[in-house]
Amino acid sequence: MIHRAVAYAVLAELGASISMIVTFRLAADNWGVSGFAEWIMSRRLIAFVVPIMTVGLDIALVRALARSSEIERYSCELAAFLIMTAAGVLVASVMFLLPGQIADLVFGSEQQTGLIRPVLWVSAAYSLHVVYYAGLRGRTRYMVANLAHITVYGVIPLAMIVAFHDS
């Protein structure tokens, strides 16, 4: 028999995946080839930046919390947040100092420099989610973690596409 927490995790992942397909379709329909390409490349840049900002905390924090006492857990979470913040400041510094070069590398044109800041903000938000999600999992709060997962990866992107489809 499948443990209920595993079943809910699978359902959350399935929901986020279905939402992603719908989101991709809406983005393609609303923004055309050029806008969709910018959005996809922005997502690729986010997918590159977030692991740098989180420096392995998605796994390390879960493990640290799982084997820590309740008192130690707070210091583990604070350490994770400080590490993520330091890495984020480093990434942000590079992105703010070299926006034209990054835009040219990722988007093929320095004219896309205006996309660098939003990518940085979204990357920071996803990084916060990674640490929050890891903290929930490390504390075995699986249902809340699953709800956070489907909200961040399923509901919010779909809602943003629906709300800002003319942008």
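Predicted model: local features only at pLDDT ≥ 70, side-chain atom pairs only at ≥ 80, totals over all residues.

User: What is the chain built from, how many helices and how many strands?

Analyst: The protein chain has six helices and zero strands. Along the sequence the pattern reads α-α-α-α-α-α.

User: What does the C-alpha trace span along its principal axes?

Analyst: About 50 × 40 × 20 Å.

User: And what share of the contacts joins residues at least 24 apart?

Analyst: Take the contacts between residues at least 6 apart in sequence. Of these, 69% join residues at least 24 apart.

User: Now helix H4. Which of its residues are buried?

Analyst: H4 covers residues 99–107, and its buried residues are Gly100, Ile102, Ala103, Val106 and Phe107. They span an arc of only 165° around the axis, which puts them on the same side of H4.

User: Why would residues a few places apart point the same way?

Analyst: An α-helix has 3.6 residues a turn, so residues three or four places apart point the same way.

User: What do the buried residues of H4 pack against?

Analyst: Three helices: H1 (4–54), H3 (70–97) and H5 (116–138).

User: What follows H4?

Analyst: Glycine 108 does, and its phi is positive, near 85°.

User: OK, at what angle do H1 and H5 cross?

Analyst: Roughly 50°, and their axes come within 9 Å. That makes H1 oblique to H5. The crossing is right-handed.

User: Which residues of H1 and H5 make the contact?

Analyst: From H1, they are Ser42, Leu45, Ile46, Val49, Val50, Met53 and Thr54. From H5, they are Ile116, Val119, Leu120, Val122, Ser123, Ala124, Tyr126, Ser127 and Val130. By class, the contact of H1 with H5 has 12 nonpolar, four polar and no charged residues.

User: And H2 with H5, at what angle do those cross?

Analyst: Helix H2 is residues 57–66. The axes of H2 and H5 cross at roughly 30° and come within 8 Å. Angles under 35 degrees count as roughly parallel, so H2 and H5 are roughly parallel to each other. H2 passes H5 in a right-handed crossing.

User: Which residues meet there, in H2 and in H5?

Analyst: H2 brings Leu57, Asp58, Leu61, Val62, Leu65 and Ala66. H5 brings Val130, Val131, Ala134, Gly135, Arg137 and Gly138. The residues of this contact of H2 with H5 divide into eight nonpolar, two polar and two charged.

User: New topic: where is proline 51?

Analyst: Proline 51 sits in helix H1. With a relative accessible area of 46%, proline 51 is partly exposed.

User: What is proline 51 in contact with, leaving aside its neighbours within four places?

Analyst: Ile46 and Gly56.

User: How far apart are proline 51 and serine 123?

Analyst: They are 72 residues apart in sequence and 9.3 Å apart in space, C-alpha to C-alpha.

User: Last one. Where is leucine 14?

Analyst: Leucine 14 is in helix H1 too. At 47% relative accessibility, leucine 14 counts as partly exposed. The C-alpha atoms of leucine 14 and isoleucine 150 are separated by 8.8 Å, while the two are 136 residues apart along the chain.

How values were computed
Residues numbered from 1 in each chain as written. Heavy atoms only, no water. Buried < 20%, exposed > 50% of the residue type's maximum accessible area, 1.4 Å probe, protein only. Helix = DSSP H or I, 4+ residues; strand = E, 2+ residues; numbered from the N terminus. Arc of directions from axis to C-beta. Contact = heavy atoms within 4.5 Å. Axes fitted to C-alpha atoms, helices over the stretch in contact; angles between N-to-C directions. Parallel < 35°, antiparallel > 145°, perpendicular 65-115°, else oblique. Left-handed = near helix turned anticlockwise from the far one by under 90°. Nonpolar A, V, L, I, M, F, W, Y, C, P; charged D, E, K, R; others polar.
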